[in-house]
Amino acid sequence: MWNNFKNGFIKENPVFGLYLGMCSTLAISTSLNNAVGMGVCVTLVLIFSNVIISAIRKITPDEIRIPVYIVVIATLVTIVEMLVHAFMPELYTSLGVFLSLIVVNCIILGRAEAFASKNGVVASAVDGLGMGLGYTFALLLISVVRELLATGGIAFYNPFDATQQLFAFSLEALKPYTISLFSGSVGAFLTFACFAALFTWIRSRSSKKEAK
Amino acid sequence: MKKALTLVLFLGIISAIAGLGVGAVNSITAPLIEERLLAAERENLELMFPGAEFSAIEGVSDEGGYVTGVFEVVNEGYAVKMETTGYSSSTPIILLVGFDNDGVITNVMALQEQETDGFGSKVFEDDNIQSAYVGKGLDDTVDLLSGATVTSTAVQNAITSAQAMLKDIIG
């Protein structure tokens, strides 16, 4: 079970390993705040959808399992979206349409089909948590690099109250050299490519070790 | 046949449970969301309808896509916020228009505009916009301001679109 959980980070990291959920990853990784907010939302949806789908796996007719998964996932996403809209309006505005698009995030349907429909409730919950944290981890990496290069600093505010800044720092040395390109989609692709290469290198090195 | 019925029944039950869940959460969050929407707009609304009570009307939209917010002013009428592009493509014109219960315009306010000085800006100077629109009913027409055609056309299109939408709301 621990391996399931650990897999989500490096070996089967949903973003850098399985290349799932790329659309939202590239779009919302502009700031640390967005990354944390999106990561938590996806993780919550992933855990609950895995648990529910695993719980009803024995009574779900095989022919209509995909529509059932979609109904479960869409319900959870709608609930999360309404909660974010009500309690974290700032986050709701900055995430925009990508919050509702969690419905079609392949990580969630992928884990439902590949894992939750074949495994027990507890194992599915752990798998959801691991995958969700792996996704959040990938978002954090990309967003920190992008925010730092685009603005010369990192700012993080309390998602429940946007006026309250939890921490902020800026590198004066970096300020004159900020690259606004990194707040756009080109910067997202560049950052993503570098991390994807790094993760592939780590994986290939560890598999070579195992071979020896 | 029996198989198909089981499938339909299963998906129906799942959807019903899902609907119940969404409905339950919505009943908690809907008032909070409305409160947030109102809080952002309250300052401007107070300016237009001092001392009135407001509630946001959700799920309505106009054909032209100009309207960004619709508010019911209890016992007094409606306030519609809209956004349109005039001559300045970078800064949209944001308008707040007050209507009474019959849809007659009671007030027009430009919350934001950055139209060309001396041309488009004339639309918003000297109460020009108020004298052009205040008192007009849902079907009345308004003359464009010469020398500021682009801006006044933009304003007119937005307001006409909002009036058409309001017609449906008032019924």
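Helices are DSSP runs of H or I with at least four residues, numbered from the N terminus. By that count, A:Glu210 falls in helix α9 of chain A, which covers residues 185-211. The model shown here is predicted. Chain A has 212 residues, and chain B has 171 residues. The two chains touch, with 15 residues from chain B and 15 residues from chain A taking part.

**Chain A: overall build**

- Chain A holds 9 helices and 2 strands.
- Starting at the N terminus, its elements follow the order α-α-α-α-α-α-α-α-β-β-α.
- Along the principal axes, the C-alpha atoms of chain A fill a box of roughly 60 × 55 × 25 Å.
- Buried residues make up 36% of the 212 in chain A.
- Take the contacts in chain A between residues at least 6 apart in sequence: 76% of them join residues at least 24 apart.

**Chain A: the helix pair α3 and α4**

- Helix α3 of chain A spans residues 32-55, and helix α4 of chain A spans residues 65-87.
- These two helices pack at an angle of about 145 degrees. Their axes are 10 Å apart.
- The crossing of α3(A) and α4(A) is right-handed.
- From α3(A), the contact takes A:Cys41, A:Leu44, A:Val45, A:Phe48, A:Ser49, A:Ile52 and A:Ile53.
- By class, the contact of α3(A) with α4(A) has 13 nonpolar residues, 1 polar residue and no charged residues.

**Chain A: the two strands**

- Strand β1 of chain A (residues 153-157) and β2(A) run antiparallel and are joined by 5 bridges.
- One of the pairings sets A:Ala155 against A:Ala168 in β2(A).
- Strand β2 of chain A covers residues 165-170. Of its 6 residues, 0 are buried, so the strand lies largely in the open.

- A:Glu210 and A:Leu101 are 109 residues apart along the chain. Their C-alpha atoms are separated by 39 Å.

**Chain B: overall build**

- Chain B has 3 helices and 5 strands.
- Along the sequence, the pattern of chain B is α-β-β-β-β-β-α-α.
- Chain B has a radius of gyration of 21 Å, well over the 16 Å that the globule rule gives for 171 residues, so the chain is more spread out than a compact globule.
- The box filled by the C-alpha atoms of chain B is roughly 75 × 35 × 30 Å, taken along the principal axes.
- Of the 171 residues in chain B, 27% are buried.
- Among contacts in chain B between residues at least 6 apart in sequence, 52% link residues at least 24 apart.

**Chain B: strand β4 and its partners**

- Strand β4 of chain B (residues 93-100) is mostly covered, with 6 of its 8 residues buried.
- On pairing with strand β3 of chain B (residues 77-84), β4(B) forms 8 bridges in the antiparallel sense. B:Thr84 has B:Ile93 as its bridge partner in β4(B).
- Strand β5 of chain B (residues 105-112) also runs antiparallel to β4(B), joined by 6 bridges. Here B:Phe99 stands opposite B:Ile105.
- The hairpin of β4(B) and β5(B) has 4 residues between the strands. In this hairpin, B:Gly103 takes a positive phi near 90 degrees.

**Chain B: B:Val155 in helix α3**

- B:Val155 sits in helix α3 of chain B, residues 149-170.
- B:Val155 has 31 C-beta neighbours inside 10 Å, so this residue counts as buried.
- Leaving out residues up to four places away in sequence, B:Val155 touches B:Thr84, B:Ile93, B:Leu95, B:Val123 and B:Ile129.
- B:Gly171 is 16 residues from B:Val155 in sequence and 24 Å away in space, C-alpha to C-alpha.

**Where the chains meet**

- The contact takes 15 residues from each of chain A and chain B.
- On the chain B side, the residues that touch chain A are 9 nonpolar, 5 polar and 1 charged.

Notes: Residues are numbered from 1 along each chain as its sequence is written. Chains are lettered from A and ligands numbered from 1 in the order in which they are written. This is a predicted model: local features need pLDDT of at least 70, side-chain atom pairs count only at pLDDT 80 or more; totals for chains, interfaces and linings use all residues. Two residues are in contact if their C-beta atoms, placed from the backbone, lie within 7 Å. Ala, Val, Leu, Ile, Met, Phe, Trp, Tyr, Cys and Pro count as nonpolar, Asp, Glu, Lys and Arg as charged, and the others, Gly among them, as polar. Axes are lines fitted to C-alpha atoms, for helices over the stretch in contact, and angles run from 0 to 180 degrees between N-to-C directions. A crossing is left-handed if the near helix is turned anticlockwise from the far one by less than a right angle, and right-handed if clockwise. A residue is buried if 20 or more other C-beta atoms lie within 10 Å of its own, exposed if 12 or fewer, and partly exposed in between; C-beta atoms are placed from the backbone. Two strands pair if DSSP finds at least two bridges between them. The radius of gyration is taken over C-alpha atoms; the globule rule is 2.2 Å times the number of residues to the power 0.38.
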